[in-house]
Amino acid sequence: MNGDEYSLESRFSLSSDSHRILIWRERGSRNHPSNIIERDRYGGHGALVWGGIMLGSRTDLHIFDAGSVNGTRYCNEILLPYVRLFRGATGLQFLFMDDNAPCHRTVAAEQLLESEDIERMDWPARSPNLNPIEHVWDFLGRRLAARTLPPITIRELRLALQDEWAAMPQQLIDTFILSMGRRCET
């Protein structure tokens with residue numbers, strides 16, 4: 001797996017629904033008013049990010065500007081500046097894993113990967129998402145939630161994401177990657 005790169009986008013939100021909170025309460029008190037927090041689950045501002053990981057390394061964290069990510073943006077903002085260069089740095093044995101998102105499967109993205117001789121890992125539609133970067137996003141979300149002063153503006157969120165991405169131990173990322181074989185077998 002040395003030359004395998006795992007990548008994916010993830011959204012981080014400023015609203016409280018992105019934070020995990022454990023609540024211990026007495027049996028039968030679930031709906032007691034003191035145990036209920038009202039949240040707006042739809043809405044709130046956030047940041048869409050992309051990152052790539054592999055054993056011993058990772059890409060920079062890319063934070064998308066506003067708007068949706070289509071095939072053109074995926075090619076111009078991710079495949080060309082990150083994946084192509086990452087592949088060049090690793091040599092010939094390179095297997096790229098993303099998911100079946102529509103922007104990843106456009107003709108332009110397929111042609112670009114083919115022209116750069118980047119082999120994509122087959123991932124069947126409607127299969128469980130076992131991409132190890134999902135664990136990285138979970139860890140990043142927990143680190144954001146654990147901050148003494150959580151970000152309250154988009155600018156603070158972007159800076160916090162960059163800081164936490166850079167501070168994440170590579171050994172932890174490698175552990176997530178190495179666990180993929182066991183998870184696929186399961």
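A residue counts as buried when its relative accessible area is under 20%. By that cut-off, 41% of the 186 residues of the chain are buried. The model is a predicted one. Its secondary structure comes to six helices and six strands, and the order along the sequence is β-β-β-β-α-β-α-β-α-α-α-α. Among contacts in the chain with a separation of 6 or more, 73% come from residues 24 or more positions apart.

**Nonpolar cores**

- The largest nonpolar core has 27 residues.
- I53, V136, W137, L161 and W165 are the residues with the most contacts inside this core.
- At least two residues of this core come from each of β1, β2 (46-54), α3, α4 and α5 (170-178).
- The element that gives the most to this core is α3, with five residues.
- In soluble globular proteins, nonpolar side chains tend to be buried together.

**Packing of α3 and α4**

- Two packed helices are described by the angle between their axes and the distance between the axes.
- Helix α3 spans residues 133-145 and helix α4 spans residues 154-167; they pack at about 120 degrees, with 10 Å between their axes.
- Because of this angle, α3 is oblique to α4; angles of 65 to 115 degrees would count as roughly perpendicular, and those over 145 as roughly antiparallel.
- The crossing of α3 past α4 is right-handed.
- On the α3 side, the contact is made by V136, W137, L140, R143 and L144.
- On the α4 side, L157, A160, L161, E164 and W165 make the contact.
- Sorted by class, the contact of α3 with α4 has eight nonpolar residues, two charged residues and no polar ones.
- V136, W137, L161 and W165 take part in this helix contact and are also among the residues with the most contacts inside the largest core.

**Individual residues**

- Leaving out residues up to four places away in sequence, L161 touches F12, A47, V49, L61, I63, L140 and L144.
- Of these, L140 and L144 belong to the α3 side of the helix contact.
- S10 is found in strand β1, which covers residues 4-13.
- The relative accessibility of S10 is 17%, so S10 counts as buried.
- With residues up to four places away in sequence not counted, S10 touches A47, L48, V49 and W137.
- A47 and V49 are touched by S10 and also by L161.

Conventions:
Residues numbered from 1 in each chain as written. Predicted model: local features only at pLDDT ≥ 70, side-chain atom pairs only at ≥ 80, totals over all residues. Heavy atoms only, no water. Axes fitted to C-alpha atoms, helices over the stretch in contact; angles between N-to-C directions. Helix = DSSP H or I, 4+ residues; strand = E, 2+ residues; numbered from the N terminus. Parallel < 35°, antiparallel > 145°, perpendicular 65-115°, else oblique. Left-handed = near helix turned anticlockwise from the far one by under 90°. Contact = heavy atoms within 4.5 Å. Nonpolar A, V, L, I, M, F, W, Y, C, P; charged D, E, K, R; others polar. Buried < 20%, exposed > 50% of the residue type's maximum accessible area, 1.4 Å probe, protein only. Core = buried A, V, L, I, M, F, W, Y, C linked by side-chain atoms within 4.5 Å.
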